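Please look over the sequence and the model below, and then read on.

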Amino acid sequence: VQLQASGGGLVQTGDSLRLSCAAPGRTLTSYAMGWFRQAPGMEREFVGSIDWGGISTYYANSVRGRFHVSRDNAKNTLYLQMDGLKPEDTAVYFCAAGHGWGASPTEYDYWGQGTQVTVSS
């Protein structure tokens, strides 16, 4: 499964941004989905995830209340709505699909190429 993340960009503190993740030609309904991010010199960290049916979500403490993960299974697309962005949110954001929807990267089998989000102060 090839995942394509998009929607990144350069924004200012407090702005909002919505990332999308799709798998052209493939259905994602069989997979739980997640978002991770990686800042320069840092390890990849969990951001948020959603179960197969889009009912349950799980967030890292650092983004809870500001970020919202959703999915549209009819469009085979995963979203990450990011509000109240901070400079510390600057990172490359990756979407992932897998058999679980926890915080460990090992639960995810397929990864997108990443999209850069830069938040200026």
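## The model and its disulfide

A residue is called buried when its relative accessible area is under 20%, exposed when that area is over 50%, and partly exposed in between. The model discussed here is a predicted one. With that cut-off in mind, C21 counts as buried because its relative accessible area is 1%, and C95 counts as buried as well, at 0% relative accessibility.

These two cysteines are joined to one another by a disulfide, with a distance of 2.1 Å from S to S, and a search of the whole structure finds one such link. The bond connects distant parts of the chain, since C21 belongs to strand β3 and C95 to strand β9, 74 residues apart. The link of C21 and C95 is right-handed, with 65 degrees about the S-S bond.

In soluble globular proteins, nonpolar side chains tend to be buried together. The largest nonpolar core of this model has 33 residues, and those with the most contacts inside it are L3, M33, W35, L80, M82 and Y93. Among the elements that give two or more residues to this core are β3, β4, β5 and β11, while the largest share, five residues, comes from β9.

Strand β9 also holds A96, a residue that counts as buried at 0% relative accessibility. Not counting residues up to four places away in sequence, A96 touches L3, A32, M33, G34, Y108, Y110 and W111.

## Aromatic pairs

A pair of aromatic rings is described by the distance of the centres and the angle of the planes. The count of aromatic pairs in this structure comes to six. In one of them, the rings of F36 and F46 have their centres 5.6 Å apart and their planes at 75 degrees, so the pair is edge-to-face. Because F36 lies in strand β4 and F46 in strand β5, this pair ties together parts that are ten residues apart in sequence.

Both F36 and F46 are buried, and together with Y58, Y108 and W111 they form one aromatic cluster.

## Charged residues

Side chains of opposite charge can pair when their charged atoms come close. The count of salt bridges comes to three. R37, which counts as buried at 5% relative accessibility, forms a salt bridge with E45, the closest N and O atoms being 2.6 Å apart, and E45 itself counts as partly exposed, at 35%. R37 also forms a salt bridge with D89, where the closest N and O atoms are 2.9 Å apart. Since D89 lies in the loop between β8 and β9 and R37 in strand β4, that pair ties together parts that are 52 residues apart in sequence. The side chain of D89 meets that of R66 in a further salt bridge, at 2.8 Å from N to O. Through shared partners, these salt bridges join R37, E45, R66 and D89 into one network.

## A backbone detail

Most residues other than glycine have a negative phi. N76, in the loop between β7 and β8, has a positive phi of about 50 degrees although it is not a glycine.

Methods:
Residues are numbered from 1 along each chain as its sequence is written. This is a predicted model: local features need pLDDT of at least 70, side-chain atom pairs count only at pLDDT 80 or more; totals for chains, interfaces and linings use all residues. Side-chain values use heavy atoms; hydrogens and water are left out. A nonpolar core is a set of buried Ala, Val, Leu, Ile, Met, Phe, Trp, Tyr and Cys residues joined through side-chain atoms within 4.5 Å. Buried means under 20% relative accessible area, exposed over 50%, partly exposed in between (1.4 Å probe, protein chains only). Helices (H or I, at least four residues) and strands (E, at least two) are DSSP runs, numbered from the N terminus. A disulfide is a pair of cysteine sulfur atoms within 2.5 Å. Contact means heavy atoms within 4.5 Å. Rings of Phe, Tyr and Trp (its six-membered ring) pair if their centres lie within 6.5 Å; planes under 30 degrees apart count as stacked, over 60 as edge-to-face and the rest as tilted. A salt bridge is a side-chain nitrogen of Lys or Arg within 4 Å of a carboxyl oxygen of Asp or Glu.
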